[in-house]
Amino acid sequence: MKNEERKNENETGEKNSKELPFEIDRRSVYKCVQCGTCRSVCPVFDAVGWESANTRGRMLIIKSLLEGRPPSEDVLPSLASCTTCGICAAKCPAGANPPEVVEAARAQLVKCGVTTEAQENLKSAVITYGNSFGDTKSRKHWLSETERSKLPEKSEYVYFVGCFDSYRYPEFAKKTFGILQRFGVTLLPDEQCCASPLLRTGFTEDAEKVMKHNLEQIRKVGAHTIITSCAGCYTTLKNNYPEELRVISLPEFLAEHLEELNLKKLDFTVTYHDPCHLGRHNKVYNAPRKVIQAICTLMEMKNIKENARCCGGGGGVRTGYPDISLELARTRLKDVPEGVDYIVTSCPLCVRNLRDAGGDIEVIDIVELVAMAIE
Amino acid sequence: MDITTEIRKIVGDRLSVSPSELYCYSSDASQVKGMPDYVVRPKSTEEVSLIVRLAYENEIPVTARGAGTGLAGGAVPVGGGIVLDMSGMNRILEIDIDNIQVVVEPGVIQDALNDALKPHGFFFPPNPGSSAMCTLGGMIAYNASGMRCVKYGTTRNYVRDLEVVLADGTVIHTGSKMLKSAAGYDLTQLIIGSEGTLGIVTKASLKIVPLPKTRKLVIASFENAEIAGQAVVKTFSNGVIPSACEILDRVSLQVLKRYDPNLVLPSEGDVILFEVDGTESSAREAAEQIMKVCVPLALSMSLAESEKEMADIWAARKLVGAAVSRLDPTKSRIYVGEDVGVPIKQIPELLKRVQEIAEKFDLPAMKYGHIGDGNLHLALFIDVLNKDEWDRLNKAADLVHRTAIELGGTVSSEHGVGAARAEYMKAQWGPALEVMRAIKKTLDPKGILNPGKLGL
């Protein structure tokens with residue numbers, strides 16, 4: 001958070017919440033023994049420097065709320081600025097899971113009426129328009145009328161496009177669907193936001209409604225497997241939707257079907273950025289690397305897999321704290337090795353943030369790499 | 001005078017009085033609590049000096065803080081006032097290989113310094129378990145050490161010069177780049193370990209040493225911790241000084257295996273890790289000698305020579321203290337009575353008495369630490385939601401501290417006294433505590449620097 005913003009908090013005083021009890025699983029909070037190991041890895045802390053911007057600070061603030069401090073807007077610069085990247089959980093010797101605790105705390109703050117304007121705008125966009133951008137276009141605008149009319153009504157496989165590919169990177173959606181159609185994959189008749197932005201920022205009740213809608217759509221199509229190319233959608237569909245759903249990420253699907261794709265070798269070198277919600281949160285590390293190595297040379301970044309640094313785009317931080325978010329992306333670009341032609345990743349949110357950080361090397365989605373090898 | 005306005009004139013927006021921010025600076029890794037009124041993140045010696053002078057003039061307590069990884073409440077502002085978060089002053093100002101030293105600001109992280117020194121073939125040896133996040137300023141203030149202290153000594157052995165802001169804002173240097181000096185009192189040594197009660201370190205010149213050519217690790221397990229302690233005493237009396245000598249009791253081993261199931265560690269007994277370093281031949285000779293000494297006492301022994309295997313074991317060892325919850329998710333490790341030390345010969349007795357205390361209070365205990373220098377880290381763990389367990393924990397910790405003093409040892413070997421162990425200073429030091437009080441009064445007549453610490 002900006003220092004200016006802190007100053008204002010201090011001087012304008014606190015806006016207190018509705019008087020509701022703040023309650024989350026205490027054991028999950030008290031697992032933190034305040035050793036400070038997270039200071040060595042928390043990317044937001046690295047950018048901001050105040051203890052409240054570090055995982056330990058967030059856990060302490062949540063403790064204070066559990067111990068009776070009234071929730072107020074004063075806690076937001078800390079609790080709303082976590083990207084939920086999970087590197088603290090990966091490193092925590094005590095086995096705490098701070099991203100889960102932070103999300104639970106955000107949900108309680110929402111109940112207490114303590115939210116940021118950015119959070120409210122995000123929620124309102126998803127609830128009103130079914131997407132996180134508040135875009136009024138059809139979610140399938142990237143398909144022609146004819147293509148839309150030919151979509152199979154029933155299929156065992158569904159491509160969950162996600163808000164980003166639908167509205168910001170329709171070319172990714174086109175390329176992804178172009179590949180997946182060969183395998184009989186269809187789209188949902190009325191896909192809505194997966195609910196990730198709502199869940200990450202604490203709007204659990206609103207998220208339930210959106211998830212219910214998407215589940216009905218999935219049942220309508222009769223699909224048993226959902227394929228998605230967005231790391232945020234992937235972790236949400238996999239971990240927040242009912243367990244009977246089989247969810248596969250696009251890199252996993254591509255890795256499983258490498259032979260059928262008949263990819264040609266390309267003479268360049270790329271590096272790979274592990275999206276937090278695909279990598280650390282779900283341990284999908286090898287599939288994207290297998291796909292890349294089937295096409296070209298892979299040169300790894302300085303910090304990879306479990307140690308990969310966050311691009312800064314997740315957890316509502318890109319919307320709420322764009323300066324911090326871009327600072328994280330710039331730091332991540334420093335991990336790129338010399339001599340690579342592209343930075344490949346498999347999450348549109350990471351693509352956007354890393355592109356916006358303004359490096360010299362082009363950032364592409366894995367589907368673009370695969371499309372080059374098919375063409 | 002409005003203090004907030006005055007501080008802001010000095011550091012601009014690097015001041016916070018937000019209640020959430022203040023709360024984050026009201027504790028460290030210990031159980032000590034104290035709410036500051038202001039948190040300031042200075043960027044220069046001049047800013048520190050101006051803030052301290054302002055505090056002096058207005059009799060406001062000032063507590064310096066590094067990464068807040070302390071285990072005794074040393075950086076906790078128990079008297080309120082200003083917390084100076086020094087972690088933003090984190091530049092390595094000079095790597096002077098010709099004079100085998102570096103000049104650093106106090107916020108430099110220990111690992112970051114060693115990362116910068118590695119390409120030059122040098123290192124700064126004191127390495128606490130918290131080396132990934134602790135600051136050199138904190139290490140100086142608490143005379144921190146760590147696993148390699150048995151051969152390389154503590155932070156105290158590596159400081160050539162300190163730039164210190166005194167209680168009235170005056171800036172002094174306590175030494176120089178000289179290897180030695182016979183001129184006057186050794187103020188450098190006075191400041192080291194003074195926990196921010198005499199002055200605030202804003203720069204330090206530190207001695208560095210060449211990296212050893214190789215390291216080897218003897219892993220020996222013993223039927224019980226007492227026998228393990230005897231093996232350590234025998235190793236030393238046979239003339240071998242390992243570069244690290246760590247005990248991991250059987251509970252610690254279970255915790256480590258939960259943390260990293262791939263670690264190559266014995267499955268039974270209490271373990272001693274003997275690290276030796278030097279040239280290939282000297283390290284091999286020392287490792288063989290240790291194994292020979294341990295043969296009659298050990299259940300099993302092995303030698304780790306691959307860098308990765310050793311690095312994995314040390315990385316896990318560094319985090320074992322906080323990892324107890326891996327064994328039982330309802331239990332948390334509470335840092336009390338965790339840093340006692342005794343003369344090496346008394347180690348077997350300390351291990352026995354500590355185990356008896358844990359049993360007496362019915363508390364699960366994990367024993368690990370730098371047994372080679374007599375420093376035992378006792379980890380007592382409790383359900384933090386159970387008040388009775390808290391009561392038993394505090395009683396046990398009290399007894400552990402008193403036992404260490406009785407055995408001719410110390411209540412803190414490397415974590416410091418802070419507020420957590422202040423009550424034992426009289427018992428440990430007797431009339432020498434009055435000398436410390438006199439020094440404090442001379443250098444900080446208004447008592448603004450980190451009040452409530454060291455039993456002063």
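Reader: At what angle do helix 4 and helix 7 of chain A cross, and within what distance do their axes come?

Author: In this predicted model, helix 4 (residues 55–66) of chain A and helix 7 (residues 98–111) of chain A cross at roughly 40°, and their axes come within 10 Å.

Reader: Why are helix 4 of chain A and helix 7 of chain A called oblique to each other?

Author: Angles under 35 degrees count as roughly parallel and 65 to 115 as roughly perpendicular; the crossing is at roughly 40°, and the two helices are therefore oblique to each other. Their crossing is left-handed.

Reader: Which residues make this contact?

Author: On helix 4 of chain A they are T55(A), R58(A), M59(A), I62(A) and L65(A), and on helix 7 of chain A they are P98(A), V101(A), V102(A), A105(A) and L109(A). By class, 8 are nonpolar, 1 is polar and 1 is charged.

Reader: What makes helix 8 of chain B oblique to helix 10 of chain B?

Author: Helix 8 (residues 225–237) of chain B packs against helix 10 (residues 280–294) of chain B at an angle of about 130°, with the axes 9 Å apart. That angle makes helix 8 of chain B oblique to helix 10 of chain B, because only angles over 145 degrees count as roughly antiparallel and those from 65 to 115 as roughly perpendicular.

Reader: How do you know that D383(B) forms a salt bridge with R27(A)?

Author: The closest N and O atoms of D383(B) and R27(A) are 2.9 Å apart, and the cut-off for a salt bridge is 4 Å, so the pair qualifies. The count between chain B and chain A is 2 salt bridges.

Technical notes:
Residues numbered from 1 in each chain as written. Chains lettered and ligands numbered in written order. Predicted model: local features only at pLDDT ≥ 70, side-chain atom pairs only at ≥ 80, totals over all residues. Heavy atoms only, no water. Axes fitted to C-alpha atoms, helices over the stretch in contact; angles between N-to-C directions. Helix = DSSP H or I, 4+ residues; strand = E, 2+ residues; numbered from the N terminus. Salt bridge = Lys/Arg side-chain N within 4 Å of Asp/Glu carboxyl O. Left-handed = near helix turned anticlockwise from the far one by under 90°. Contact = heavy atoms within 4.5 Å. Nonpolar A, V, L, I, M, F, W, Y, C, P; charged D, E, K, R; others polar.
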